[in-house]
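Colleague: I have a model open and want to learn how to read it. Can we go through it feature by feature?

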Amino acid sequence: MTVRILQNPWRLLLAVNAAVIIGVFVHKIELPPYVPYIHLLVDYHFGFIKRALIGAIVALFTDKVPVWSVFALGGATWLVTSALYARLFQKTFGFTAQTLPLFVFMAGSPFFLKNFMHTLGHFDIYGCALALVLLLMPAGSLLFVATAALFSIILVLIHHIHLLMYVPTIVTIVVVRHYLACGLDRSNVIFGILALLIVAVLFFAAQFLGTMPIPEADFVAYLKSRMADPARTDLLQFAYIWYQPLAKEVSDTWGRLPHNILGVPVFALLVWLHIPLWRFFAELIGALASETHRRLVIAALIGISLAYVVMFAMVFDYSRWISNWAVCMFLILHAVKMLPAARETAPVPAEDQNTNIFGLIIALIPRVGIIRPF
């Protein structure tokens with residue numbers, strides 16, 4: 001039995017990942033929720049403002065928001081996202097002994113579900129969840145494009161930085177699943193362009209017109225009126241972000257750059273540990289039947305990556321950004337698998353010793369973090 005496990009340890013590594021996720025959750029509930037909690041308090045009471053959609057939805061159900069709702073809402077979203085990804089993997093690759101290493105490298109990656117557990121309550125996971133829905137739903141009609149546009153609007157209303165974080169991935173999924181599969185015609189091209197313009201206009205409105213219109217003291221007083229425990233004023237210390245202009249965010253990011261840039265080698269190492277997955281992805285792209293499809297996919301990967309470079313220059317939550325970049329790569333990998341291929345791509349090798357070592361290390365890493373590594 002021991003020899004069998006050593007030769008093919010992927011079931012054990014899957015169990016290790018499950019245990020690590022539980023550990024991350026236990027650690028998370030012991031930490032103060034800070035920003036994720038304040039996002040549940042902010043709504044559209046004073047008019048259109050940025051980062052207010054989640055709070056506005058919560059306000060439909062309760063006037064007083066307890067702190068535990070951060071974990072309830074975040075935990076439910078995490079469970080839904082995990083279930084959606086499991087369904088997508090089953091649909092794309094199937095669950096077999098041959099595909100289990102691929103599943104461990106993606107679902108067990110410290111960039112993905114484990115880090116979403118660590119950032120429980122943050123808004124990143126909503127982009128991933130809605131992209132997963134688009135990868136699972138039928139894509140043969142304009143309803144698919146309209147759904148993608150609606151999802152992008154929702155994400156920008158949740159937080160306008162989604163325009164860089166997940167909207168480019170959603171656009172890529174739409175192009176791969178609808179436009180490459182169904183072809184271009186006047187109606188779907190015009191519809192797609194209009195959808196992009198609407199999302200772009202909404203982003204600029206949120207970025208430049210979505211500042212809280214009342215004094216910060218009045219804003220904080222309103223937030224206290226929505227708290228189940230108004231004495232927890234420590235949870236309102238980030239109220240200033242609804243007043244902070246873009247120039248201040250960029251200035252803060254560049255001010256922290258000398259210290260935060262020290263984490264880049266760690267991020268590079270974490271990306272390198274996924275090398276068996278990246279090789280599989282490259283082979284998957286190389287196996288596409290159409291040269292045009294290959295070039296478009298490569299261009300999309302470059303475009304998504306450039307959007308994250310812009311994010312790195314604007315906001316300093318580097319661990320979150322590199323983690324979500326990796327998740328976007330995982331999502332595009334699934335989209336590429338749906339394109340016509342000239343040949344089958346061999347899965348990540350289950351018996352290769354180096355691959356097993358990389359898989360073990362990835363399974364043991366609990367998460368990447370929020371700002372700095374770990």
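Colleague: Start with a charged pair. Which residue forms a salt bridge with arginine 320, and how far apart are the closest N and O atoms?

Modeller: One caution before that: this is a predicted model. A salt bridge here needs a side-chain nitrogen of Lys or Arg within 4 Å of a carboxyl oxygen of Asp or Glu. The partner of arginine 320 is aspartate 124, with the closest N and O atoms 2.6 Å apart.

Colleague: What does that pair tie together?

Modeller: Look up the helix of each partner. Arginine 320 sits in helix H18 (residues 318–337) and aspartate 124 in helix H8 (residues 124–136), so the bridge ties together parts that are 196 residues apart in sequence.

Colleague: Are arginine 320 and aspartate 124 buried or exposed?

Modeller: Buried means under 20% relative accessible area. Both arginine 320 and aspartate 124 are buried.

Colleague: How many salt bridges are there by this rule?

Modeller: The count is eight. Take lysine 248 and aspartate 252: their side chains meet at 2.8 Å, N to O. Both belong to helix H14 (residues 246–260), four residues apart, about one turn of the helix. Lysine 248 is partly exposed at 39% relative accessible area. Aspartate 252 is partly exposed too, at 23%.

Colleague: Which residues do salt bridges that share partners join into one network?

Modeller: Asp124, Asp317 and Arg320.

Colleague: Give me another pair. What is the N to O distance between aspartate 234 and arginine 232?

Modeller: It is 3.1 Å, again a salt bridge between side chains. Check accessibility next. Aspartate 234 counts as partly exposed at 33%, and arginine 232 as partly exposed at 30%.

Colleague: Now the whole chain. How many helices and strands does the protein chain have?

Modeller: It has 19 helices and zero strands. The C-alpha atoms fill a box of roughly 60 × 55 × 40 Å along the principal axes.

Colleague: What share of the contacts with a separation of 6 or more comes from residues 24 or more positions apart?

Modeller: That share is 82%. Burial is a separate reading: 52% of the 374 residues are buried.

Colleague: How far apart are the mean positions of the positive and negative charges?

Modeller: For 24 positive and 17 negative charges, the mean positions are 5 Å apart.

Terms used. Residues are numbered from 1 along each chain as its sequence is written. This is a predicted model: local features need pLDDT of at least 70, side-chain atom pairs count only at pLDDT 80 or more; totals for chains, interfaces and linings use all residues. Side-chain values use heavy atoms; hydrogens and water are left out. Helices (H or I, at least four residues) and strands (E, at least two) are DSSP runs, numbered from the N terminus. Buried means under 20% relative accessible area, exposed over 50%, partly exposed in between (1.4 Å probe, protein chains only). Contact means heavy atoms within 4.5 Å. Lys and Arg count as positive and Asp and Glu as negative; His and the chain ends are not counted. The place of a charge is taken as NZ of Lys, CZ of Arg, CG of Asp or CD of Glu.
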